[in-house]
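Hi,

Here is the structure I promised to pass on. Have a look first, and my notes on its salt bridges follow below.

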Amino acid sequence: MFKIVNRKEMAQGTVILNEIEAPLIANKAKPGQFVILKADETGERIPLTMANTNPEKGTITIIYMVVGKSTARFKTLKVGDSYMDVIGPLGKATDIEKVGKVVCVGGGTGVAVMHPITRANKLIGNDVTCIIGAKTKDLLILEDEMRAASHRLIVCTDDGSYGKPGFVTEALKEVLEANKDIKMCYAIGPVPMMKFVSKMTKEYNVPTIVSLNPIMVDGTGMCGGCRVTVGGETKFACVDGPEFDGHKVDYDELFSRLASYFEDEKKCMEEYCKLAEAAAKL
Ligand SMILES: Cc1cc2nc3c(=O)[nH]c(=O)nc-3n(C[C@H](O)[C@H](O)[C@H](O)COP(=O)(O)OP(=O)(O)OC[C@H]3O[C@@H](n4cnc5c(N)ncnc54)[C@H](O)[C@@H]3O)c2cc1C
Ligand code: FES
């Protein structure tokens, strides 16, 4: 069992942070790697990236958005409760080298995944500009942490309620125009965001790493559920990734595969909400 030792709600309760006791994973994990969690015996296996690790304390931190039945079930877990299974570290770690100027672009909960990558880039000696975005001010996460992890931070909101109005791509264009010597871009967030960031950095000839989030089941390269097309080749995101060359990913295929179970997921969530409502009345 993997006990929750710290829990925080962010973005009006739509995003949850859990710090979990998992000493073996905390000891081995590197930025960019993920775990697969199960709340209980009948629970679904859910992949989540580690936003932080603390080897001394023996804990890992996950930050997830509540989007469906399993993440809604996770949200009911309080400090002192445990996940039944946490498997990891899975996937390849982010390849971070001292290259000079880098730009890190994070959107939505992708900001949580970007946090350890940003910090590692600063620690190795790169000059880090960070751009983070959310639909609206109330949904923005980890602003203080990202400011500390980078040399400069640009905050964007789609509706202009905070920071720079507009999408992260608009801020990225300005950064790329003003810094012709940027050597690397990391982009993590919704699939359309990664697609358009990659399209832009290709025009500026800046190598770009994206972290893909296809549907995963086993997380060890056996089921094929997480297959993505990169540079015309089939890759398994759980073992070959989850990070890939952003200029080579077939984003449209990824987007359509992610929506494959939309109707079933909707039905599951509706049934879960009905059951939760009935249980609350008892
Ligand atoms: C390597 C990896 C790292 C991830 N890291 C994070 C993270 O740090 N924070 C975060 O908020 N989310 C992360 N995700 C996405 C997260 O796994 C999904 O949001 C979660 O599985 C949704 O499950 P659900 O039952 O709550 O929602 P559902 O209603 O079942 O599904 C909602 C949507 O989530 C996606 N999804 C559903 N099942 C899976 C699955 N087994 N594997 C992957 N995606 C699925 C699909 O796009 C689906 O349409 C990551 C995904 C991957 C593959
Ligand atoms: S999740 Fe099964 S092969 Fe990747």
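Let's start with Arg73, which is partly exposed because its relative accessibility is 27% (buried means under 20% relative accessible area, exposed over 50%, partly exposed in between, with a 1.4 Å probe and protein chains only). Its salt-bridge partner is Asp40, with the closest N and O atoms 3.0 Å apart (the term means a side-chain nitrogen of Lys or Arg within 4 Å of a carboxyl oxygen of Asp or Glu). Arg73 sits in helix α2 (residues 69–75) and Asp40 in the loop between β3 (34–38) and β4 (46–54), so the pair ties together parts 33 residues apart in sequence. Helices (H or I, at least four residues) and strands (E, at least two) are DSSP runs, numbered from the N terminus. Asp40 is partly exposed too, at 22%.

Before the rest, a caution: this is a predicted model, where local features need pLDDT of at least 70 and side-chain atom pairs count only at pLDDT 80 or more, while totals for chains, interfaces and linings use all residues. Residues are numbered from 1 along each chain as its sequence is written, chains are lettered from A and ligands numbered from 1 in the order written, and side-chain values use heavy atoms, leaving out hydrogens and water.

The structure has 10 salt bridges. Another one joins Asp181 and Lys101, at 3.4 Å between the closest N and O atoms. Asp181 is in the loop between α5 (168–178) and β12 (182–188) and Lys101 in strand β8 (residues 101–107), so this pair links parts 80 residues apart in sequence.

Then there's Arg147 with Glu143, at 2.5 Å between the closest N and O atoms. They are four residues apart in helix α4 (residues 143–149), so about one helical turn separates them. Arg147 is partly exposed at 42%, while Glu143 is buried at 17%.

Cheers
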